[in-house]
Amino acid sequence: MEFFVVPDAASTGAIAAGILAAVIRSKPEAVLGLATGGSPLPVYAALAAHRLDMSGIRGFALDEYVGLPAGHPQSYAEVIRREVTERLHLDPARVSVPAGAAVDPERAAAAYDAAIAQAGGIDVQILGIGHNGHVAFNEPGSALDSRTRVEALTERTRQANARYFSSPDDVPGRCITQGLGTILEARQLLLVVSGADKADILHTALSGPVTTDCPASILQLHPHVTVVADETAAARLGSASASAETTPVTVRTGAVGV
Ligand code: F6R
């Protein structure tokens with residue numbers, strides 16, 4: 001596991017964007033897995049500044065709410081359009097988001113899983129982590145080999161995402177999410193995390209047992225994981241966070257110390 005500890009959230013964006021830019025330069029037709037939520041926003045902003053030719057890039061969002069009407073501003077399709085497709089000048093026809101407004105969301109989920117495989121699989125999957133250890137919308141209890149499917153959101157996740165809606169009751173209760181098994185098939189996982197409120201769960205995910213209780217613990221099963229964390233999120237991960245005070249970027253390769 002490759003590990004970067006940086007001073008703040010903006011720096012997580014700069015580091016992660018540098019990693020993505022290198023992939024895109026070496027493989028102009030790369031397939032990117034796109035997270036939404038707050039954590040990857042500095043990444044997309046920093047990647048835009050690289051002004052790369054993105055015309056060959058293909059993108060797949062991690063997840064989408066079920067039940068929001070098409071065009072709803074907080075649907076992930078709209079977030080991806082605003083924050084990713086437009087910012088990075090990606091061809092919208094090459095960026096897919098699960099069809100949360102489909103009449104048959106289960107069928108749409110299976111088709112989405114198949115579309116990722118048909119595109120040759122994901123080269124780099126950008127990930128955030130939820131306070132309960134979810135990755136994408138794989139809530140605790142999700143099978144480690146799960147595929148893209150319809151899931152219920154926990155109350156904790158709905159509360160965390162209520163900040164994006166005018167009322168907590170407006171947060172949908174269901175979603176389509178890439179499965180943990182689907183995510184594990186990506187060739188590289190790039191976890192971006194910032195904030196003291198993520199310190200405990202990041203520590204549990206990377207240093208605790210691999211268990212369905214903490215879906216993000218699947219990162220320990222993948223051969224190519226890069227974690228980019230700010231100092232506050234990395235506070236419980238051992239010596240790297242201490243040395244980050246004097247060194248702007250700490251790079252460690254190998255197991256995370258506890
Ligand atoms: C978003 C997603 C979620 C978020 C997670 C963290 O597509 O799949 O797993 O990454 O909820 O959200 P933030 O970054 O807002 O703290």
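Q: What makes two strands pair?
A: Two strands pair if DSSP finds at least two bridges between them. This model is predicted, and the pairs below are judged by that count of bridges.

Q: How do you know that strand 4 and strand 8 pair?
A: At least two bridges are needed, and four bridges join strand 4 to strand 8 (residues 174-177). The two strands therefore count as a pair, and they run antiparallel. Tyrosine 65 stands opposite cysteine 175 in strand 8.

Q: Why is one side of strand 4 and of strand 7 left without a neighbour in the sheet?
A: The sheet is open and has three strands in the order 4-8-7, with antiparallel pairing. Strand 4 (63-66) and strand 7 (149-152) stand at its edges and have a single partner strand each, so one side of each lacks a neighbour in the sheet. On average, neighbouring strands of this sheet are turned by 30° against each other, direction ignored.

Q: What makes strand 10 mostly covered?
A: A residue is buried when its relative accessible area is under 20%. In strand 10 (residues 225-230), six of the six residues are buried.

Q: Which residues of strand 10 are buried on one side, and which on the other?
A: Val225, Val227 and Ala229 are buried on one side, and Thr226, Val228 and Asp230 on the other, so both faces are covered. In a regular strand the side chains alternate between the two faces of the sheet.

Q: How do you know that strand 1 and strand 9 each pair with strand 10?
A: The requirement is at least two bridges. Strand 1 (residues 2-6) pairs with strand 10 in the parallel sense over five bridges, and strand 9 also pairs with strand 10 in the parallel sense over five bridges. In strand 10, threonine 226 is the bridge partner of glutamate 2, while valine 227 is the bridge partner of leucine 191.

Q: What puts the buried residues of helix 2 on the same side?
A: In helix 2 (residues 41-48), the buried residues are Val43, Tyr44 and Leu47. They cover an arc of only 95° around the axis, which puts them on the same side of helix 2. Their cover includes helix 1 (9-26), strand 2 (31-34) and helix 3 (76-88), as well as strand 6 (124-127) and strand 9 (188-193).

Note on methods. Residues numbered from 1 in each chain as written. Predicted model: local features only at pLDDT ≥ 70, side-chain atom pairs only at ≥ 80, totals over all residues. Heavy atoms only, no water. Buried < 20%, exposed > 50% of the residue type's maximum accessible area, 1.4 Å probe, protein only. Arc of directions from axis to C-beta. Contact = heavy atoms within 4.5 Å. Axes fitted to C-alpha atoms, helices over the stretch in contact; angles between N-to-C directions.
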